[in-house]
Amino acid sequence: MSYDNLCKLLSEKYPDSFATWVMGGEQTSAEVLKTELSIEPIRADYVTFMRLQGRILHLEFQTKIESEPPLPLRMLDYWVRLYRLYRLPITQVVVLLLPPAVGTIIETCFELESTRHEYQVIKMWEQDPTELLKDIALLPLAPLAATTKPEALLQKVAQRVTQLEPEQRREVSGYVQILAGLKFEKNLIQQMFREGMMRESVIYQEILQEGLQEGRQEGLQEGRLEEARSLILRLLTRQIGDLPQTMRSQLDELSVNELEALGEALLDFKQLTDLEFWLLNR
C-alpha cells in the first residue's frame, strides 16, 4: 500500500476525526462519498470526498507536489465536477506529507487570466504533533509533524501506541510504522516499537520487578544482562524443560537486546526445536 493510499484509508475509516482536524471545528456527521466523478469518470486514488453539514470536503494526500496534470489544475477540475454533482460549497485541502526540495513553490491556487481558484494546503512538517497524538485516527501522521527532535517524537508516538487497547495496538502500530518510514530509517522504527511493546509485556515487567526485589542497581549494563539471562533461563526451563549445556553456552553469548527479543519470542515457542531454530537464525 502506498503512503498516500494509507492516508485515504484512514480518512475514510475515521471521517469525523479528519474533518475536524482540517476544518478546525468539531465535525460529528461526516459522510464519505464515492470517489468516482460522473463526467468522464476518473479514479481518485488518493482523494477522499466527504459530505458535511451543507458542505463538501475534498481531501487529497500527496507525498510529492509534482503531478500530471499539475495540482492546481487538478483541484479546479475536481471543484467543477463536485459542484456540478452536489451544488454545495466545497472546501478543498491538500495534505503534503513531505517537504519538497528547497526552493520549490507550493501553489495554493489556479490562476489564468480572469479565472482564479484557491484551495488549502496542510504541510505536515509544520503541524503541531500534540493534537495528532491525542487522536487514534491521526496518530499515524504524528511522526511527520513539526519537531526539533525527530527521534524523541517517534519515541513519544511509540509510547502512545503501547497505551492503546490490545485489539487496536497492532493495527495502529502498523499504520504508524508505514508512515514513519517516509522520514525514519527502518531499523530505528523497528527498534523503538519493539522496545515499546516489550516494556508493556509480562516478560519485561517480570524482569523489572525481580530486579527491584533483588536490589540490583538500575542502569548498569552488566546487571541488566545478568538479570535478563537469569529470567530467560528460568522461563525456558519452566516452558521447555532442562536445556543442553551447549544451548546454555549460546545463551551466555546473547546481548541484552537479543535476550529481550528472545523473551518476546518465548510466547510462540512450543518445543526445544523452536528455540534451536531461533538461536541459529538470530
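A salt bridge, as the term is used in these legends, is a side-chain nitrogen of Lys or Arg within 4 Å of a carboxyl oxygen of Asp or Glu. The model shown is a predicted one, and it holds eight salt bridges. Here are some close-ups.

**View A. Arg-74 and Glu-60 meet through their side chains in a salt bridge.** Here the N-to-O distance is 2.4 Å. This pair ties together distant parts of the chain, since Arg-74 sits in helix α3 (residues 71-86) and Glu-60 in strand β3 (residues 55-62), 14 residues apart. Both Arg-74 and Glu-60 are buried.

**View B. Glu-12 pairs up with Lys-8 in a salt bridge.** Their closest N and O atoms are 2.7 Å apart. You'll find both residues in helix α1 (residues 3-13), where they lie four residues apart, about one turn of the helix. Is Lys-8 buried or exposed? Lys-8 is buried, at 9% relative accessible area, while Glu-12 is partly exposed, at 30%.

View C. Lys-134 has a relative accessible area of 56%, so it counts as exposed; Glu-131, with 46%, is partly exposed.

**View D. Glu-111, Arg-116 and Glu-118 belong to one network.** What joins these residues? Salt bridges that share partners do the linking here.

Definitions and conventions:
Residues are numbered from 1 along each chain as its sequence is written. This is a predicted model: local features need pLDDT of at least 70, side-chain atom pairs count only at pLDDT 80 or more; totals for chains, interfaces and linings use all residues. Side-chain values use heavy atoms; hydrogens and water are left out. Helices (H or I, at least four residues) and strands (E, at least two) are DSSP runs, numbered from the N terminus. Buried means under 20% relative accessible area, exposed over 50%, partly exposed in between (1.4 Å probe, protein chains only).
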